[in-house]
Amino acid sequence: MTRSIHLQNPIDRLEGLSRRTTWIVIAVSFMAFLAFDRAMPEVGTGPLYIPLIALAGWRLGRREAGGVAIAAAFLNILPIHGFDTGISPVAAAARGLVRFGAYAFVVATVCALRRVHDRERHAARYDALTGALNRASFEAHARAALGAQSADYPVTVLALADLDGFKAVNDTFGHGEGDEVLRRFAAAGRLVTGEGEWFGRLGGDEFVLLLHAGTAAAAATRVGVVHAELSNRLRASGHSIDVSIGALVVRPSTVLDWEVALREADRLMYVAKRAVKGSCRVGAAFMPAPSGAGAGSVQVASLATV
């Protein structure tokens, strides 16, 4: 259930390399270095293997990087290396061991940095309590989706979900139980989102979903199904909690900013709350005709109430 945001910085560009492409880069580079060594053995290519070992450690993992390091060290003790440069086999073997020690240090350092990077990256993108996308990360995906023309998903849905009765759980059973309810709800939210869809937490007991559908009618039906599944999961928690959802259906022809879309979804959610707690209200955004009243603004037509 992933759709990539445009890659910007060098680290993200590196993340765009597949494992297959990484192996191809390493293999081709090894052959090029070996050919260079045969042509000019007095120069030596030992240091040139370090970036490849670092690439393997970053993209493939410790075990694979260790294998690349061993292969690089072995290429430094082949007989052709020793005899062509006038170095004895013992000296060549010693050189290989020294190189492997340096390469092993690179592997350990790069893999440690990768673990730190992954932890920081996860912390920057995901809510620490629930594991859902945090507000900033979800907003990035929503802005991209609301501004994209997609042949696969003609309709985008921004749905805001609020838990009704959640405060009573905290007051009665404590914040620990309240946190467990939030975690279970977030787990349910991740299950109901599919390929190219996203689930995030805005804060407190407010969550947000980015869904896709082929038509506005299909979108309304999808929101109803999602609402029913989330409601059933909350009832299974044993607490008197419901979820109210306000969902805004946005067609590609409607230019809508994230803040405007979120405000309208929030308004629909409170309309649902005022009608019947634990219900769902779906509306479709459209742009009025330029000559009509309210030209340039966004209006919302009601599609369904569940």
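## Helices and their packing in a predicted model

T45 is found in the loop between α2 (19–39) and α3. This is a predicted model, in which local features need pLDDT of at least 70, side-chain atom pairs count only at pLDDT 80 or more, and totals for chains, interfaces and linings use all residues. Residues are numbered from 1 along each chain as its sequence is written, and side-chain values use heavy atoms, with hydrogens and water left out.

**T45 and the chain as a whole**

T45 is buried, at a relative accessible area of 1%. Buried means under 20% relative accessible area, exposed over 50%, and partly exposed in between (1.4 Å probe, protein chains only). Leaving aside neighbours within four places in sequence, T45 is in contact with F33, F36 and D37. Contact means heavy atoms within 4.5 Å.

The chain has 306 residues, and buried residues make up 42% of them. Its secondary structure comes to 11 helices and six strands. Helices (H or I, at least four residues) and strands (E, at least two) are DSSP runs, numbered from the N terminus. Take the contacts between residues at least 6 apart in sequence: 68% of these join residues at least 24 apart.

Axes are lines fitted to C-alpha atoms, for helices over the stretch in contact, and angles run from 0 to 180 degrees between N-to-C directions.

| Pair | Angle | Axis separation | Crossing |
|---|---|---|---|
| α2 and α3 | roughly 165° | within 10 Å | left-handed |
| α3 and α4 | about 165° | 8 Å | right-handed |
| α4 and α6 | about 160° | 9 Å | right-handed |

A crossing is left-handed if the near helix is turned anticlockwise from the far one by less than a right angle, and right-handed if clockwise. Angles under 35 degrees count as roughly parallel, over 145 as roughly antiparallel, 65 to 115 as roughly perpendicular and the rest as oblique.

Start with α2 and α3. Their axes cross at roughly 165°, so the two helices are roughly antiparallel. On the α2 side, the contact is made by R19, T22, V25, I26, S29, F30, F33 and L34. On the α3 side, Y49, L52, L55, A56 and R59 make it.

Next come helix α3 (residues 49–59) and helix α4 (residues 62–75), packed at about 165°. That makes α3 roughly antiparallel to α4. From α3, the residues Y49, L52, I53, A56 and G57 take part. They meet A65, V68, A69, A72 and L75 in α4.

L52 is buried, with a relative accessible area of 8%. L52 and S29 are 23 residues apart in sequence, yet 8.0 Å apart in space, C-alpha to C-alpha.

In α4, the residues R62, A65, G66, A69, I70, A72 and A73 are involved. Their partners in α6 are G96, F100, Y103, V107, A108, C111 and R115.

The expected span of a helix is 1.5 Å times one less than its number of residues. Helix α9 (residues 175–192) has 18 residues and should span 26 Å; its end C-alpha atoms are 26 Å apart, which agrees. The buried residues of α9 are G178, V181, L182, F185, A186, A188, G189 and V192. Seen down the axis, they fall within an arc of 160°, so they line one face of α9. The arc is that of the directions from the helix axis to the C-beta atoms. Exposed residues G176 and L191 sit on the face of α9 turned away from the buried side.

What covers the buried residues of α9? The cover includes the strands β1 (155–164), β2 (198–203), β3 (206–213) and β4 (242–250). It also includes the helices α8 (166–173) and α10.

Helix α10 (residues 216–235) has 20 residues and should span 28 Å; its end C-alpha atoms are 29 Å apart, which agrees. Buried in α10 are A216, A219, A220, V223, G224, V226, H227, L230, S231 and L234. They cover an arc of only 170° around the axis, which puts them on the same side of α10. The face of α10 turned away from that side carries the exposed residues A217 and T221.
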